[in-house]
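The sequence and structure come next.

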Amino acid sequence: MGYIKNLFKSLSKFELCLWLFSVVAVTVSFLLSENLNPLTLIASVIGVTSLIFIAKGYVIGQALMVVFGLVYSIISLQYCYYGEMITYLGMTAPIALMSAVSWYKNPYKESSEVSVRSLNARQRIMLIVLTLAATVVFGFILKAFDTPNLFFSTFSITTSFSASYLALMRSPVYAVAYAVNDLVLIVLWILASMENTSYIPVIICFAIFFINDIYGFVSWQKMKIRQSNDN
């Protein structure tokens, strides 16, 4: 409990307010839903908590993202969004786990904050090649499973993989890629909610994620400048 208390104490007033606003927003949307799915609320709260600590550059944020990926995969399976399930269970969660290890091994000096860096030319090329490869491979898999809304499901893989890769590389641009992914997921779950209104809280969840990822980019840019000036 002491560790958790210290984590929240490290948040600025704005960050604490953003986290509280996020939790309240996803909780209210859940309670107003006609068909309550407890997993939706659990995933949403874990997700927004993960993002606020990822924005701080804390390892715990990536650890929570692993848990979010597992729960979100179950929700996706319930709607037969195999693309989302495969993406988070087979890609996002494992890469988040690798990111947690990478961040743990690369702290900024003696702080809890990860050391920020920019991609070099080789890493940029790898980003493009691996993202295209993941999109093609998973795209065929999704088509084979007759995944609903195939175009958006496939595009979600593109944005999710690039975001995960950038987070693994400790690049501030990860947040931009995740913000784009949030927009894609909002579209996906709007389409799902047209058939089942119980998924409306998921839309709210990713709208809140979008706000948090925008803040994440701002926060990491400040971290990058501060760390550069210190060196």
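## Helices α3 and α9

In this predicted model, T40, S44, G47, V48, L51, I52, I54 and A55 of α3 are in contact with P201, V202, C205, I208, F209, N212, D213, Y215, G216, S219, W220 and M223 of α9 (contact: heavy atoms within 4.5 Å; helices: DSSP runs of H or I, at least four residues, numbered from the N terminus). By class, 13 nonpolar, six polar and one charged residues make up the contact of α3 with α9 (nonpolar: Ala, Val, Leu, Ile, Met, Phe, Trp, Tyr, Cys and Pro; charged: Asp, Glu, Lys and Arg; polar: the others, Gly among them).

The axes of α3 (residues 38–55) and α9 (residues 200–230) come within 8 Å and cross at roughly 10 degrees (lines fitted to C-alpha atoms over the stretch in contact, with angles from 0 to 180 degrees between N-to-C directions). Therefore α3 is roughly parallel to α9 (angles under 35 degrees).

## Residue T92

T92 lies in helix α5 (residues 82–105). T92 counts as buried because its relative accessibility is 1% (buried: under 20% relative accessible area, 1.4 Å probe, protein chains only). Leaving aside residues up to four places away in sequence, T92 touches T87, S160, S164 and Y178.

## Basis

Residues are numbered from 1 along each chain as its sequence is written, and side-chain values use heavy atoms, with hydrogens and water left out. In this predicted model, local features need pLDDT of at least 70 and side-chain atom pairs count only at pLDDT 80 or more, while totals for chains, interfaces and linings use all residues.

Terms used. Helix = DSSP H or I, 4+ residues; strand = E, 2+ residues; numbered from the N terminus. Buried < 20%, exposed > 50% of the residue type's maximum accessible area, 1.4 Å probe, protein only. Parallel < 35°, antiparallel > 145°, perpendicular 65-115°, else oblique.
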